[in-house]
Each structure stands twice: as structure tokens, then as C-alpha cells.
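Subject: A structure for you to explore

Hello! Here is the structure I promised to hand over, with some notes to read alongside it.

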Amino acid sequence: MYEPKPFSKVLYIDLNRRTSWVEERDDLVEEWLGGIGLGIQLLKEESMTSVDPLSPENSIILAVGPFNATYPLGSKTVALFKSPLTGNLGESYAGGRSSVSIKLAGYMAIVIRGASETPIYLAIHEDRVHFRDASALWGMTSSFTVGRVIAEREPSAGYRSILRIGPAGEKLVRYASVMVESFRHFGRLGLGAVFGSKKLKAIVISGRKALKVEDKVAYKKVYDEIFEKAVRSGLMKKYHELGTTMNVLPLNELGALPTMNLKSGRFEQAENISGEEMASKVLGRRIACSGCPVACIHLAALREPYPHEPFFYKTVFISYDYELAYALGSMLGIGKREGFLKLLHFVESAGLDAISTGVCFAWATEALEKGLISERETLLRLKWGDYESYIKAVKMIVEQPNEFYKELALGVRNASKHFGGEEFALSFGGNEMPGYHTGPAAYLGFLVGGRHSHLDNAGYSLDQKIRELPPPEELVEKLIKEESWRMVLNSLVICLFARGIYDAETVSEALDPLGIPVPPEELHRLGRDIYKQRYSLKIQMGFDPTELKPPGRILEVPTPHGTLEEEYFERGLKHFSNILRDWDII
Ligand code: SF4
């Protein structure tokens, strides 16, 4: 029988008292695998349904699963917390070295409670937990620099992961991110602000422990099969070659690339920020998360002369992908490649979530055009395509020099409630919209998804498969089914780009040599159970599914499935609420 020890260990850290301890949680790991399954149970134990997201009572859970440091693309960590952006369940995923470092440090999860009075960072080197002074790091303008300083100070290079916030997290911008290594992020739903509220500047974690495999021969066989699929079949090739920016041109062709605050689904300059053009003009190199043979992370090399020294250059590497090309490219009318990259670099340095930032700026630009606000509020002229004005606006979001930027730092839903323009504020459940104007499945998916993200249930992909629009009830059921299966993948915790490799049979075969026998049908049941538990917690934390409503703008601009009808969404959302009622969740 598989003995999960020591990989059922949960490390508890109390920032108030600067103490830490470890608990064995075989009970939870055996029942819920790890990742989101385990994390939801740990979050429930924190009893924080009614706490203020920026108070010390908001605990942070970082959880990994049985496939991390074990199988190809088992490379993600899930973070759970109460979101300061939506006011309910916060759930965010990041790769880099985070999951491998946590697992090889000996932990399946880390629970961080309380808050420090002065800036600190946590250094977790296997069994040792240090609370280090971070006063000198607090206030640094770039999250890249914070990582470099910590890398100099801490041991275990090559075995460690460095998570840190930028100034946006310190200033509690509700969509501040946590940077992992230099090119991955816990981007969505404001984990950076929760770090900031705890005066937690960073976490460095390292480990070199060995993992136990129950049946080595069977393990090697399954490992090799998965590895072969990852590197030799066509399933993952596209991610390596052009990365997700390969979607820019096809989506633009379909009229599904949100442009200038979704006033249109087509962007005239889409080609400039497409995967093909980026690869041929600025791609510097590709890198990978630990444990991933695919290497989908595309880094652009941006070469800039030093001011007053025209023959001396500095080169910065900037990670780009589809969501970024949408949010800081087409959505703001920025087709100048270098301008898009410069803006992206500023957003990353500040430690902001790029999607939320782009959507907030797009709303502000249109609100300014329509006269709902003036330059008295924005303090500068926001204009489609003018990346320099958006770079200045990044600084304003962080510094929040007036009422307008204070409101914008709370998210687009909040700013539009305050200044008007709610009909063109692209918010779903309080989270800013991902880049898919593909049709009703994408939008229903953003609305009903647990974190209002395109990765919850991939409605955008469903839109591209359906020819005739099914009844909305059928679409909602398909979205729930997909999201339930993703609960299994997010418990393992694999990169969702590998979802085509890890079907139920493969997952079951891969769990077996680890001594975790779970038949495929049982995995589906587990996924549904986690889905219900997670949604139930989301509602207890303050979410009301009966209040969901699509923003007016998405009903104005034709999608590849034509112009969408409000009534279609009303029916779909009603059906969703009925399902939750049948499950006694509401
Ligand atoms: S496919 Fe990309 S995001 Fe996924 S694990 Fe590999 S490098 Fe990381």
C-alpha cells in the first residue's frame, strides 16, 4: 500500500507569531489527492468565509499534488485565498519551479496565516523556516530586481523557487500578481495584494528530498509513454513552436479577438503581435517550467539603447503569450510590437495582472472618449495605440494619486460602478475578461466558472467545435462536466496544456505505480465532488450566482456565432442556479 508520508505534510506558518509547524494530513491527501482537492479542504478549515480579504485572517494556501516532480508537465502549484478583487474564492495557478521546490522540500501544502508588522520574506529550506527582514526590498520599483537580490542572498540555486510581489502588491492593487521566478505568475484574482496586506514581500523555497515510487518498473513505463506523447506527438508541438500567440491570427480572422475594449472583434494590426511575427522578429529563446519537456514560454529580446549612449544597449527578456497580446495589445489598440513589449515589461515590473490591467485601461480609455471621465481624473490622455500613455498609467495605478486611480485599482467592476459605463466594463463575476469573443460558451464559461477564467472550463474551445447553437442548458452542462474533470487535473497538479495527454485512463495508470489506485470512473466522481465542494465554498465566501449577468458590450458585437441574445444567457444562468439548488449548494 502507498504510504504518502512524508508527502502528506502540511507546513503551517504563522506570520503574527513568527512560528511554523508541520502536520501530517494523510486523511486529506488520501481522499482528495492534492492540489485544488486538498487546498479546498485546508481552506475550509481556516474558517474565513466572512473575513476581509486584506485582513490578517485571510490565510493563503499553496498546494501541490501527486504528479508534481513525478510526471512530465506536473509543474503547477495552486494558490487559494479570499480574493480582494471579487470578494470570494481566490484561486490561481503558477508554474516555474514552484511545485517541484515545494514537493522536494517535503510538503504537499503550505498554509500561511496572520500578518507581519514589518516587511519580511519567508525562506523555507526543507525543514527550516526563516523569517527574514525585507525592509530593504519593500518599495523597490521592479519585481525582477527583488528576485535578483533574494537569489544572491539565499542558498540552493537550481533547487529553489522565488515568489515575490512588486509595488502593486505593496499598494494593495486588487489585481496585483505574485511573480514566480521571472516569467511565471500567480496572476489572477489578486494574490499579490494579499501578500502585500501581510507585509509578505516574497517566499523562497528549496528542497532536494527524494520521492518514493511504489512500483518502479510500472512507473518508468507510464512515464516514458507520457513523455513520448509530450515531445513526439503533435499534441504539444504547437505550444513549443509559436506558443499561444499562434491564436492571434485565427481568432482575428473569426472576429473573436477583442479589440479596443471589444468595440470590435478584429484588429487591423493583429499581424504585428501574432505568434508568427513575434517568433520571426523578436523571439530570443524558449524556456520551460521544471519538469516540462515542452518549453512553451516564449521570451522576446527587447534591445534598447541607453539614453545619451547610442552605441550601448541593454537587452531585456520579456515573456509573451496570447492573453498578454490580447490584453495589452489588441484590447488597447497597440499594434506596435515594441510598444506592446515595453508596456508588458512595465506591467510585469510593477507586479500587476496583465489581463486585468489591460481591461481596466480599455474601459478607462472608452470612458474618457465618451466624456464619463476627463483628463482631470486620468491626469493624462489615454488614447488607443498610445503605449507611452499606458506606461504612465501603470505608475498611476500603483501610486493611486487621486480618487479615480484609487477606484481603478479596485478593478473595472468597481470603477465603472463609480464613474459609469458599466455596460462596457468587461467584468465577469468581478474578474476582468480573458481574450475570447468566440461565442456563448466562452461567455457562459466565464460567468459560471469558479474563478471566471477561460481556463476553468474552456468554453472558447467549445465555441469553436459547435456548428449550431445548442440550447443554453446543454451548454451549461457541458461546461460543468469539463470544469469537474479539470478539478482532477488541478489536484494532480498538471499544466492544463497537457490536458490532451492526461485523459482519465492515463491518469489512473499513472497513479497506480505511486500506490494510489483510482479507477477512471472513480476519478470522474472525485472531480465532481471537488467541483461541488469548491463552488459551495465560493458561495459561502460571498458569491451569489443568481446575480450573474453578462456585460452589455458582448451582446452588441457579433461573434462567430452571430449576435448573442440576453435571453440565451438568462436561460443558461437560470439552469446553472437550478443545478446548484439540486445539489443543495444554494
Ligand atoms: S507547457 Fe509551458 S506552462 Fe506548461 S509546464 Fe510546460 S513550460 Fe510550463
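This is a predicted model: local features need pLDDT of at least 70, side-chain atom pairs count only at pLDDT 80 or more; totals for chains, interfaces and linings use all residues.

**The core**

Let's begin on the inside. Which residues touch the most other members of the largest nonpolar core? They are Ala109 and Trp363, in a core of 183 residues. In soluble globular proteins, nonpolar side chains tend to be buried together. If you click on alanine 109 and set aside its neighbours within four places in sequence, you will find it in contact with Val10, Leu38, Gly39, Leu42, Ile61, Leu62 and Ala63.

**Helix 17, seen from its buried side**

Next, find helix 17, which covers residues 412–419. Its residues Val412, Arg413, Ala415 and Ser416 are buried. Where do these four sit around the axis? They cover an arc of only 165°, which puts them on the same side of helix 17. Just after helix 17 comes glycine 420, with a positive phi of about 95°.

- Helix 12 (residues 337–350) and helix 15 (residues 387–399) have axes that come within 9 Å and cross at roughly 5°. That makes helix 12 roughly parallel to helix 15. On the helix 12 side, the contact is made by Gly339, Phe340, Lys342, Leu343, Phe346, Val347 and Ala350, and on the helix 15 side by Tyr387, Tyr390, Ile391, Val394 and Val398.
- Helix 2 (residues 35–45) and helix 21 have axes that come within 5 Å and cross at roughly 85°. Helix 2 is therefore roughly perpendicular to helix 21. Gly35, Ile36 and Gly37 of helix 2 make the contact with Met487, Asn490, Ser491 and Leu492 of helix 21.
- Helix 18 (residues 440–448) and helix 24 (residues 566–582) have axes that come within 11 Å and cross at roughly 40°, so the two helices are oblique to each other. The crossing of helix 18 past helix 24 is right-handed. Pro440, Leu444, Leu447 and Val448 of helix 18 make the contact, together with Tyr568, Phe569, Gly572, Leu573 and Phe576 of helix 24.

One general point first: most residues other than glycine have a negative phi, and most peptide bonds are trans. With that in mind, have a look at these places.

The peptide bond from leucine 492 to valine 493 is cis, with omega near -10°. Valine 493 is in the loop between helix 21 (472–492) and helix 22 (504–511).

Methionine 260 is not a glycine, yet it has a positive phi of about 45°. You will find methionine 260 in the loop between helix 9 (248–254) and helix 10 (275–281).

Glutamate 91 is in strand 5 (residues 89–94) and counts as buried, with 25 C-beta neighbours inside 10 Å. Glutamate 91 and isoleucine 36 are 55 residues apart in sequence and 8.6 Å apart in space, C-alpha to C-alpha. Leaving out neighbours within four places in sequence, glutamate 91 is in contact with Val78, Leu80, Leu189, Gly450 and Arg451.

Serine 142 lies in the loop between strand 8 (128–133) and helix 4 (143–153). Its C-alpha atom is separated by 9.8 Å from that of histidine 345, 203 residues apart along the chain. Not counting residues up to four places away in sequence, serine 142 touches Gly166 and Ser349.

Glutamate 276 lies in helix 10. The C-alpha atoms of glutamate 276 and alanine 504 are 228 residues apart along the chain and are separated by 34 Å.

Happy exploring!

Notes:
Residues are numbered from 1 along each chain as its sequence is written. A nonpolar core is a set of buried Ala, Val, Leu, Ile, Met, Phe, Trp, Tyr and Cys residues joined through C-beta atoms within 7 Å. A residue is buried if 20 or more other C-beta atoms lie within 10 Å of its own, exposed if 12 or fewer, and partly exposed in between; C-beta atoms are placed from the backbone. Two residues are in contact if their C-beta atoms, placed from the backbone, lie within 7 Å. Helices (H or I, at least four residues) and strands (E, at least two) are DSSP runs, numbered from the N terminus. The arc is that of the directions from the helix axis to the C-beta atoms. Axes are lines fitted to C-alpha atoms, for helices over the stretch in contact, and angles run from 0 to 180 degrees between N-to-C directions. Angles under 35 degrees count as roughly parallel, over 145 as roughly antiparallel, 65 to 115 as roughly perpendicular and the rest as oblique. A crossing is left-handed if the near helix is turned anticlockwise from the far one by less than a right angle, and right-handed if clockwise.
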